[in-house]
Amino acid sequence: SRFATVVTPDVDPQVRSAFLATIEAAVRTKNANTMPGRRHMVNAAEFAMVTERHWDLSIWQLEGKPETWGAQLDSRLEREPVFALLSGLTSDLWDPVHRFCERRHIPCWFPSVPLAPDDADEGGYSLYFQKGVTLEAELIASALNGAAAPIGKVVQIIDGKAVAARQGAERLKAILERSDARMEMHVLKDLSDRSMAEAARAIEGAGKVVVWAGEEALTRLSTTVRVRRSGVFLSSVLARPERLKLPQSWGSVLVAYPYEHPARRAINVSYFRHWIGRAGVPVLDEPLQNEAYFAVSFLSETIAEMLGNLHRDYLIERAETMLGRRESRKAEDEARDAQLLRRYATQHPMTVHGAEGRRLGSREGTTVYPALSLGPGQRFASRGGYVIALASLTSAGPIPRWSVPNQEKSTP
């Protein structure tokens with residue numbers, strides 16, 4: 001079976017390398033489990049019907065402007081026919097890839113994207129983990145609307161070079177227009193001193209500040225602009241907050257966080273951590289690399305259940321019905337495997353994953369999300385998140401309630 005993973009040109013080279021190292025290692029693991037002489041790793045039906053397959057993975061690196069990507073993808077598909085796009089990565093815009101998949105009836109299997117297309121719910125061939133900045137805007141709006149005090153003046157600082165940043169800000173603006181909030185939008189044209197000074201003036205007097213920007217722009221902003229006592233909200237899918245170092249002058253920064261809290265997900269992803277350590281792949285961005293690993297693992301299990309019926313429409317249908325059951329069953333399987341890892345961790349306490357091995361036990365899922373599920377026509381596997389203090393992501397403390405915001409579309 002042949003698959004491709006698509007990477008857009010805006011992705012940071014280090015992030016790209018970590019992503020590709022993870023997905024390629026996961027495919028190698030899958031192929032090693034179905035090599036001649038090692039077919040004990042396939043299920044009984046595959047073994048009897050000899051339907052297990054070796055996978056070939058191509059990397060489709062896009063170039064140039066987004067309006068050219070559709071033609072590039074068409075050309076690659078003609079030269080290298082594939083059954084599906086496996087995972088995928090962008091730091092901003094994914095719409096051209098989404099439209100290609102819908103137009104060519106190619107499954108787009110759980111890419112890692114900061115902004116899902118507006119019409120993703122109406123598509124037939126693209127499956128996503130979550131909505132990205134759209135979901136984050138809904139989480140921030142719920143937090144602001146749920147506070148006892150009036151919202152007051154909200155200033156949104158937007159990275160002008162990022163489509164996802166603008167879309168997140170527009171979504172929040174559309175929701176809060178029905179509240180008592182006074183909204184202002186300020187676009188960062190670049191990272192110059194002049195642009196930072198303009199941002200500082202825009203923030204002056206704000207009750208709340210929402211920053212839609214990536215790590216580089218946010219770091220530059222935080223070192224040159226003093227927020228004073230304003231409440232600050234950040235986007236996790238744009239800024240990757242686990243790596244952020246913000247000055248104390250910014251106070252208690254809150255982040256919209258569509259992943260499980262690191263303290264709670266330690267058990268869920270302990271099997272992944274053990275695997276990636278054994279694979280020798282450095283962990284630069286755990287949510288992203290866990291998503292890539294999951295995409296390979298879930299596709300392998302879904303295709304295994306399809307046996308000889310390898311049809312694209314059937315793949316999507318199986319995903320809709322299997323995902324929730326798969327997560328529950330897989331968690332139980334990994335809990336049994338944990339018995340062995342616990343014993344190993346006890347005997348080898350200095351190993352990299354010894355601590356995780358000792359903690360392994362029952363869990364709800366196997367990913368950086370607390371639970372994943374789909375149904376007929378559903379295209380987002382996770383629909384909730386937290387609004388949480390940035391400092392609490394790396395320290396002990398109370399964890400707020402996981403929230404699923406009202407998903408009704410707001411109109412201005």
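Reader: What counts as a strand here, and where is Asp118 found relative to strands E4 and E5?
Author: A strand is a DSSP run of at least two residues, numbered from the N terminus. This model is predicted. Strand E4 covers 108-109 and strand E5 covers 126-127. Asp118 is found in the loop between E4 and E5.

Reader: Is Asp118 buried or exposed?
Author: Exposed means over 50% relative accessible area. Asp118 has 60% relative accessibility, so Asp118 counts as exposed.

Reader: Which residues form the negative surface patch?
Author: Asp118 belongs to this patch. Asp and Glu count as negative. The patch is formed by Asp118, Asp119, Asp121 and Glu122.

Reader: Which strands stand at the edges of the sheet?
Author: The sheet is open and has five strands, with parallel pairing. Their order is E2-E1-E3-E4-E5. An edge strand has a single partner strand, so one side is left without a neighbour in the sheet. The edge strands are E2 (56-61) and E5.

Reader: Is Val7 buried or exposed?
Author: Val7 has its place in strand E1. Buried means under 20% relative accessible area. The value for Val7 is 0%, so Val7 is buried.

Reader: How many Å apart in space are Val7 and Ser91?
Author: In sequence, Val7 and Ser91 are 84 residues apart. In space, C-alpha to C-alpha, Val7 and Ser91 are apart by 9.3 Å.

Note on methods. Residues numbered from 1 in each chain as written. Predicted model: local features only at pLDDT ≥ 70, side-chain atom pairs only at ≥ 80, totals over all residues. Heavy atoms only, no water. Patch = residues over 30% accessible without salt bridge, like charges linked within 9 Å, V, L, I, M, F, W, Y side chains within 5 Å. Areas by Shrake-Rupley, 256 points an atom, 1.4 Å probe, with all protein chains shown as cover. Salt bridge = Lys/Arg side-chain N within 4 Å of Asp/Glu carboxyl O. Charge placed at Lys NZ, Arg CZ, Asp CG, Glu CD. Helix = DSSP H or I, 4+ residues; strand = E, 2+ residues; numbered from the N terminus. Buried < 20%, exposed > 50% of the residue type's maximum accessible area, 1.4 Å probe, protein only. Pairing = 2+ DSSP bridges.
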